[in-house]
Amino acid sequence: MIDLSHVRAAAQRLEGQVLDTPCVESRTLSQITGAQVFLKFENLQFTASFKERGACNKLVQLSDAEKARGVIAMSAGNHAQGVAYHAQRLGMKATIVMPRFTPGVKVERTRSFGPEVVLHGDTLDEARSHALELAARDDLTFVHPYDDEAIVAGQGTVGIEMLRAVPELDTIVVAVGGGGLIAGIAVAVKALKPGIEVIGVQTLRFPNMFNAVKHESFPQGGSTIAEGIAVGTPGKITQEIIEKLVDDLVLVDEGDIEQSIVMLLEIEKTLVEGAGAAGLAAMLKYPERFRGKRVGLVLGGGNIDPLLLAAILERGMVRAGRLARVRVSARDVPGSLARITAIVSEAGANIDEVHHQRAFTVLAAQNVEIELVIQTRGRDHIRAVLDALHEGGFQAEEQ
């Protein structure tokens with residue numbers, strides 16, 4: 001098992017090659033959660049992910065012969081970019097195998113660093129099997145995304161930096177996929193500050209490490225917005241470290257992660273992907289667990305598909321009551337729609353969409369259902385708009 005000396009050696013190798021990212025307090029999130037929250041902005045790395053650390057630490061230790069032959073990696077995106085970028089920097093040939101579900105933004109970003117990109121399989125396990133076949137065929141060094149001591153040690157440098165910036169941290173919360181990041185952080189911080197608590201977070205749809213460590217059997221699902229931690233098989237090296245050093249693992253759902261992405265964008269003006277928001281999601285879902293503590297959250301990555309982000313933001317507006325769908329029943333006569341829109345306007349709401357429903361309704365034939373999508377200031381404003389419509393003589397309800 002690796003120890004603090006391995007992580008410190010990795011930190012020396014990485015000096016000047018990766019960013020020592022800020023770890024600063026979020027006063028607003030602290031007020032919301034009841035804890036003192038410190039954010040570690042790993043989404044500010046050049047490839048927008050902590051994965052650079054492990055990839056660089058692994059590559060710089062390869063022999064000259066291994067560097068000459070080249071490397072291969074499998075990844076849903078962030079590890080791929082880390083390996084591709086540092087291989088390019090170090091003058092090495094790289095091949096990256098990515099599952100077919102990988103967001104386009106991650107595929108194109110990876111390609112921009114010059115590796116050969118192979119899209120294969122519908123899961124990380126299928127991509128890994130294909131990468132191992134190519135590694136054997138072409139005599140390439142396989143760079144595992146998490147189950148490798150050099151990778152774990154590189155990721156552990158995050159923990160050293162967090163305690164250097166905020167020595168008084170009580171708890172560090174880390175997203176868990178294969179376990180490389182949390183294993184490395186746990187090795188580092190438990191040696192530096194034995195009393196610190198390390199908590200891992202997995203999505204309910206991919207609870208592989210949770211099941212393995214807690215001997216549970218939660219089913220593994222299909223897709224998740226946290227594709228960066230959608231790992232089907234936990235690492236052997238990482239599981240051993242997690243069982244020994246990590247205090248607990250918790251599960252969060254898709255809605256928890258969506259809410260956290262929106263909050264980080266609105267409050268901190270920082271963009272994170274699903275996996276990067278998992279730590280905050282855990283704090284929001286289990287507030288009593290963290291209240292009153294000094295908590296460090298690792299914002300692990302910021303590579304999110306723009307279309308997915310747009311959908312998450314819109315759904316976030318719906319949850320916050322800032323975007324609402326209202327159904328109004330009216331006589332199907334000239335001027336009805338004009339009266340309805342005038343009332344909505346006078347109530348201070350903005351209309352996004354209007355849809356007339358004549359056929360698919362149980363109303364009398366001379367009536368029409370008008371569906372409005374409106375922008376509001378929140379739940380109270382929605383009620384005010386409905387009240388105004390009622391006062392105007394219309395039947396109206398939120399859908």
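Predicted model: local features only at pLDDT ≥ 70, side-chain atom pairs only at ≥ 80, totals over all residues.
Contact here means heavy atoms within 4.5 Å.

**Entry 1: I185 and its neighbours**

I began with I185. Which residues is I185 in contact with, leaving aside its neighbours within four places in sequence? I found Q155, G156, V158, G159, I172, V174, K190 and V298.

**Entry 2: the largest nonpolar core**

Next I looked up the core around these names. The largest nonpolar core has 37 residues, and L169, I172, I185 and V298 touch the most other members. I wrote down which elements give two or more residues to this core: the helices α1 (4-14), α8 (149-165), α9 (180-192), α10 (208-214) and α11 (236-245), together with the strands β7 (171-175) and β9 (248-252). Which element gives the largest share? That is α9, with 8 residues. A second, separate core has 34 residues, among them A35, A175, I199 and I257. A friendly reminder to myself: in soluble globular proteins, nonpolar side chains tend to be buried together.

**Entry 3: helix α13**

I moved on to α13, which covers residues 278-285. Is this helix mostly covered or mostly uncovered? It is mostly covered, since 6 of its 8 residues are buried. I listed the buried ones as A278, G279, L280, A281, A282 and M283.

**Entry 4: H79**

I found H79 in helix α5. Why does H79 count as buried? Its relative accessibility is 1%, and buried means under 20%. I then checked what surrounds this residue. Not counting residues up to four places away in sequence, H79 touches K51, A73, M74, V143, H144, P145 and I151.

**Entry 5: the cavity**

How many cavities of 30 Å³ or more are there? I counted 1. The largest cavity holds about 350 Å³ of space. It is lined by 31 residues, and the closest to its centre are F50, K51, G177, G228 and I229. Elements that give two or more residues to the lining are α5 (78-89), β7 and α9. By class, I noted 14 nonpolar, 13 polar and 4 charged residues in the lining of this cavity.

**Entry 6: the largest pocket**

Then I turned to the pockets. About 270 Å³ of space lies in the largest pocket. Of its 16 lining residues, F101, D122, F206, G222 and A230 are the closest to the centre. The lining divides into 6 nonpolar, 7 polar and 3 charged residues.

**Entry 7: the second largest pocket**

The second largest pocket has a volume of about 220 Å³. Which residues line the second largest pocket? My list reads Q259, V262, M263, E266, I267, L313, G316, M317, R319, A320 and R322. Two helices, α12 (254-267) and α15 (306-319), are the elements that give two or more residues to this lining. The most comes from α12, with 5 residues. An α-helix has 3.6 residues a turn, so residues three or four places apart point the same way. By class, the lining of the second largest pocket has 6 nonpolar, 2 polar and 3 charged residues.

Technical notes. Residues numbered from 1 in each chain as written. Heavy atoms only, no water. Buried < 20%, exposed > 50% of the residue type's maximum accessible area, 1.4 Å probe, protein only. Helix = DSSP H or I, 4+ residues; strand = E, 2+ residues; numbered from the N terminus. Core = buried A, V, L, I, M, F, W, Y, C linked by side-chain atoms within 4.5 Å. 1 Å grid on protein atoms, 1.4 Å probe; cavity = no way out; pocket = protein on both sides within 12 Å on 5 of 7 lines; lining within 4 Å. Points joined across faces, edges and corners; volume = space filled by probe spheres on them. Nonpolar A, V, L, I, M, F, W, Y, C, P; charged D, E, K, R; others polar.
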